[in-house]
2 protein chains.
Amino acid sequence: MPFTNDELDDILKHFKKEAIPKNQMLVRQGEVSKTLYFIESGLGRSYYLNQAGKEITQWFFGSGKFMASADSFFQQCPSLYFIEVLEDAVIYSITKEKLDELFDTYPKMEKLGRLVTTEMLTKVVNKLNAIQFQTAKERYEYMLAEFPDISYQVSLGHIASYLGMTQETLSRIRKSNSRK
Amino acid sequence: MPFTNDELDDILKHFKKEAIPKNQMLVRQGEVSKTLYFIESGLGRSYYLNQAGKEITQWFFGSGKFMASADSFFQQCPSLYFIEVLEDAVIYSITKEKLDELFDTYPKMEKLGRLVTTEMLTKVVNKLNAIQFQTAKERYEYMLAEFPDISYQVSLGHIASYLGMTQETLSRIRKSNSRK
DNA sequence: TTCACTTTTTGATATAGGTCAAAAGAAAAT
DNA sequence: ATTTTCTTTTGACCTATATCAAAAAGTGAA
């Protein structure tokens, strides 16, 4: 993005840099989320509780990515998701108000916002297609391709629910893959 | 959106209004799509061909909605999807270049763009959750709730593939619903 | 009205992946 | 070190939905 150094300085001043230890919860279901996070290092995930009260991973956020309960942050409605930090992280955060300020000051930022959302949209659509029409095994392979790093850092159960299968099934898939 | 009448006039001038008959193809897989469509009336769908060569409906677009092969239009890459008109339609279309012109002239438009994408994102996430963790019957009910009109206008096979099930299964679900 | 073609329904059978329960393995806490 | 707790693996069994095949119903053209 073509910002001058002065602009960049000003923009970065609006963000707060923090070290966040693992297992910390950043957003709770039902809260209106006021903060957008950018992950410098570490790992986060969003999840929700299904009818049976089971945690369903909705998304993983790796380093270099923006993390938010998208619906809640952008529409300022109660979040459907929890967001938690899975690995000790360094995170830049910004409130909705400050971000909107930036959007007003720097129209170029709107573009950035639009591009970030569009990228996210593309990824979600990809996952949708993977989930909808691939076997459990193929979905796991899609995940290995899309988030190679994450597959090792994260517990089986988190990944399984992300991929829409039980952890038993994922365990069996891993076993059958390793035999070969 | 707070535009003056002059602005609105200018914006609308960039769009082309057209009547498009049913069964017309607007975007083909592999093409880079240069056009964004807004459906005044009528109905469209996007779909792709899976490995077996079967058409898989990816999305339905009803009146009052924007329609595009999102990845292709926004990132200007070859489209993964076909887009076709299912019911005679009246459509406003705009090219990528003209839209970008508008974005440059009217920063407020960026915001609009961002909001449209965000809304889309929310819907895709909803569908993802429906597909990922609900039974075939529940998915059909989700569809009846989300697109009540579409369920009647569209062929069984199109809907079944959209919902990630076979048409036989959908036919049986409809039968069991009507018995009650 | 009949013929060709498409879409939907029905039936029989197969299977991927879910569920439940328990064992084994790791990690954390005392 | 040892106990407690959490995570992963394994096994047996079951069910929702896919697949395959054929019949029935619907649609449109000649």
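Modeller: In this predicted model, a residue is near a strand if one of its heavy atoms lies within 4 Å of that strand.

Biologist: Of the 17 residues around DNA strand C, which come nearest?

Modeller: With that cut-off of 4 Å, 17 residues are found around DNA strand C, and both protein chains contribute to the nearest ones. Those that come nearest are A:Ala136, A:Thr169, B:Ser171, B:Arg172 and B:Lys175.

Biologist: Which helix gives the largest share of the surface near DNA strand C?

Modeller: Helix 5 (136–146) and helix 8 of chain A, together with helix 7 (156–162) and helix 8 of chain B, each supply at least two residues of that surface. By class, the residues of the surface divide into 3 nonpolar, 8 polar and 6 charged. The largest share, 5 residues, comes from helix 8 of chain B.

Biologist: How far is the side chain of B:Arg172 from a base nitrogen of DNA strand C?

Modeller: Of the atoms of DNA strand C within 4 Å of the protein, 55% belong to sugar or phosphate and the rest to bases. On the phosphate side, an oxygen is 2.7 Å from a polar backbone atom of A:Ala136, and another such contact places a polar side-chain atom of A:Thr166 at 3.2 Å from a phosphate oxygen. On the base side, the distance from an N or O atom in the side chain of B:Arg172 to a base nitrogen is 2.5 Å.

Biologist: What relation holds between chain A and chain B, which can be laid on one another by a turn and a shift along the axis?

Modeller: Chain A can be laid on chain B with an RMSD of 0.1 Å by a turn of 179 degrees and a shift of 0.3 Å along the axis.

Biologist: In chain A, which residue has the C-alpha nearest the axis?

Modeller: In chain A, the C-alpha nearest the axis is 2.3 Å from it and belongs to A:Arg114.

Conventions
Residues are numbered from 1 along each chain as its sequence is written. Chains are lettered from A and ligands numbered from 1 in the order in which they are written. This is a predicted model: local features need pLDDT of at least 70, side-chain atom pairs count only at pLDDT 80 or more; totals for chains, interfaces and linings use all residues. Side-chain values use heavy atoms; hydrogens and water are left out. Copies are superposed by least squares on the C-alpha atoms of residues with pLDDT of at least 70 in both. A polar contact is a pair of N or O atoms within 3.5 Å; within protein, one must be able to donate a hydrogen and the other to accept it, and residues adjacent in sequence count only if both atoms are side-chain atoms. Helices (H or I, at least four residues) and strands (E, at least two) are DSSP runs, numbered from the N terminus. Ala, Val, Leu, Ile, Met, Phe, Trp, Tyr, Cys and Pro count as nonpolar, Asp, Glu, Lys and Arg as charged, and the others, Gly among them, as polar.
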